[in-house]
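Morning, everyone. Please have a look at the sequence and the model on the screen before I start.

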Amino acid sequence: MSSPFTFHRLEDIPLLGSLAINQYRLENGLLAAIVVDRTTPIFTYQTWFNVGSADEPAGRQGLAHLFEHMMFRKTATRGMGEFERIVNNNGGTGINAYTSRDQTVYFFTFPNDKVYLAADLESDRMSNLVVDSEMFQTEKGAVLTEKNRGLDDPNRLLWETVYSLAYTVHNYRYSTIGEIASIENFTVSEAQTFYSRNYSPNNSLIIVVGDVDPEAVIQTIEEKYGSLKPSIVDKRAVTSEPVQRESREAAITHPKATRRMLAKAWHIPNMLHPDYPALAAAGKLLTSGKSAVLNERLLNTAKATEVFADAYLSRDVGTFELFVQCADGESFESIEDIFFSAVRELAEGTIGDDQMQIVKNHLQRDLYRAVTSPAQLARLLGDSFILTGDLSYQINAMKRIEDVRAIDIQRVVKQYLLDGKAATVKLIPEKEA
Amino acid sequence: MPITNHQLYYEQDPRVPMTQLTLVFHGAGIQQEPRDRIGLARAAAKMLFRGTNALSREAIAKKFELLGAEVNANVSETDFVVAISCFTKNLEAVVGLVVSVIRDASFPQHELDLLKKTEVNQLEAALQEPERVLSAANQFVLYDGAVVGRIGSKQGILSIAREDVVEFFSKVRSASILYFSSISDLTAEEIERTTGRFADGRRDDGFALKPEVQFREVNGRNAFIVHSPQAKNDRLMWTQKGIAATDERRFDLSLIIDALGSFEGFLFDELRNKKGWCYGAYAFVVPATSRTGRIGAYADPSLETSKDLIPELLRLYRVFPEEQGFQDRLAQRNATFKNRYSYQLDLKFRLASRVSRDRYGIPILEREAYNSRIDAVTDISARRVIDELFDDRNLCMVFYGDAERVQKILALCDPSIQSTVIEKETLIA
């Protein structure tokens, strides 16, 4: 007798120790990744949609995020508030969602006997969501409040300004939540179109990590999602950004700011580029751990109260970012001098074996931390898939860190940070401005 | 059974070759700071790994990182905590270094000068985060300005001398009780051998645990407004007296609070889902320790909706037991809480439960016993607990927003509300 199931089992991907990704694909294109970890009798269930704010048309920013809110409203089979009620009654926790540039993600955690329920709830709102005018207006009110909360945050203004400078063509220049005018003007019809085009099995990924039986999970997924029809997903209109040939700079103020803050961003390639491991290692060298170069020169000397430098990878052109919250009396110029002096020494001096060992230790720790947290592991796999098409891309890069050489780090630091042009934003407290 | 000196709380995790080991110098926390040295306990923690007579701060940091270790010290109201996380293969070397630092820490003057500068800057930076300011103001008010409730004090930090740190840490090191907690791929016996290196020959004539500070009694509706004239959004956090950690009503209260203020609770539904007046609206419990806990509510209305939300929240706080939406939710909590038992089997949760059992007498229940406690929560018992505990007349109401505007709204809601305006800088003075 032939199996009633039509899913395809793809090759397992080993992670670490006994952990492995069991991969399956349904006929309609839906990909499922299941990792068994029986430490606690629970599982995390994440639904990733390959759509984010960068996929929105210019001037219509914020729809992906507003729509994320609508997914907690009602479906054709479940009334208003029923989704959350069922989740809660069945012991679901951590229920939430987020929208970023490249993806929209929904997640919760359940006791291990609730797999069927989790799949039922998520497949239902993926195919039967009801978007009506009254609810849409109410949810706009909540999103506008969320937007205003963000406006109270100097950090948010700082980074929104950085991206608006760093990108001139790509939609990464817009904030995910959108602007007040665009939020107010969205229509129900736009939301419905967005839903039917983007929330389809061929544009999504289910990740389940925890105390589950993979075969039972995929059979449930087949049952609940197998009949969903694939959609024709619009390709992202803009996927590149012209090379930045000049430095760009802005000075801004914020009424709530009490410290000077400096942010810089340089274009870098996406995660698939062979320079990714070296860029990630460069970030670790600069600000991971108390002995990292910039922590030593800025934090440990009390010139700054917060510092980070790291590669922010996106599906398209990413950015290598520096953030410094300056101590009282420190000028932007002196902070930048210290930064460039440290970076120049990295690029032109010697990166010692000790420094390389410390970077490798940090990456090893990151890997261990990720695989002992189901939610964190699921996020790592999902991010990898959305940004590269390969679930295990980041984990494999962490495992291959031994291959990264000091000379690679020096080359990328020189190429992207020293020879590249930055977008720089200096935030000055209003009382100083 | 109270925590005994050198006791180990342990869970095994074979998934990765890592060890987390935490040293808790019990009773050696912020509660031991003199009133004119606010920030001393935190300064001692931050200074601990900044040098010995043999090793500089840089050398210590590098040695740990070369061993794949993260080692930090921090403080709570009652405890001074050293947290170690490292590759298990390097545990012996890491512990050896921590032992030597605890024994030989020299607290260099130049490092203290740098730390004081950083601490003052961080206090000022904290004032730019609205949620942190609201939370700090709530603590400030509830602890009546006591040391343990302060986000920090610029004046306190600046008055700390190296001798203060040296003396404080000498009493930390010899606290009357030092206990350990660990999650590791090693066995309990192997971890015990390691913790023995901290215990062997240790003096215990230093700090001893003092009673925790109790929250202030609130009579009437007292409003405290952190004046934030240019805020784009208002925020509020209201609390009232709760119950003790071992109070038999804690199961009823947990179900009531979940029905009232969780993500799908009554408040969220009424204020956010139906009205769209705010982004967040929830009820919460400040957990009891040896101190009585508190019951609270939070919301973040927009400038336009505050005038509607504030009176409505006051009304809901009074009438919620009679509302159908609340009653339905309460009835459903039996299944919710029984299903959530699985999370109590998490390694970290089990570890924390055993510490709470020994510190505060909170029993650990097996699933069957736990379920029967949940079953004992009925509509009648919950209503009795609501009648006994919920009190909308004696509220500590903390706001973040424009003081004049909030005061006008409050005057319209209830002219008897006494309001006090707090300038943000007061929180770090």
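First, the ground rules. This is a predicted model; local features need pLDDT of at least 70, side-chain atom pairs count only at pLDDT 80 or more, and totals for chains, interfaces and linings use all residues. Residues are numbered from 1 along each chain as its sequence is written, while chains are lettered from A and ligands numbered from 1 in the order in which they are written.

Overall form. Chain B has 16 helices and 11 strands. Those are DSSP runs numbered from the N terminus: H or I with at least four residues for helices, E with at least two for strands. The C-alpha trace of chain B spans about 65 × 50 × 35 Å along its principal axes. For 429 residues, a compact globule would have a radius of gyration near 22 Å; chain B has 24 Å, which agrees. That radius is taken over C-alpha atoms, and the globule rule is 2.2 Å times the number of residues to the power 0.38.

Now a sheet. Five strands of chain B form an open, mixed sheet, in the order β1-β5-β2-β4-β3. Pairing takes at least two DSSP bridges between two strands. β1(B) runs parallel to β5(B), residues 177–184, over five bridges. In that pair, B:Tyr10 stands opposite B:Ser182.

Next, two helices. How do α3(B) and α8(B) pack? Helix α3 (91–104) and helix α8 (188–199) of chain B meet at about 15 degrees, with axes 10 Å apart. Axes are lines fitted to C-alpha atoms, for helices over the stretch in contact; angles run from 0 to 180 degrees between N-to-C directions. So α3(B) and α8(B) are roughly parallel, a label for angles under 35 degrees. From α3(B), the contact uses B:Leu91, B:Val95 and B:Val99; from α8(B), B:Thr194, B:Arg197 and B:Phe198. Contact means C-beta atoms, placed from the backbone, within 7 Å.

Finally, the interface. Which helix of chain B gives the largest share of the side that touches chain A? In total, 47 residues of chain B are in contact with 53 residues of chain A. The largest share of chain B's side, seven residues, comes from α4(B). Elements that each supply at least two residues include α4 (109–126) and β8 (278–286) of chain B.

Terms used:
Parallel < 35°, antiparallel > 145°, perpendicular 65-115°, else oblique. Contact = placed C-beta atoms within 7 Å.
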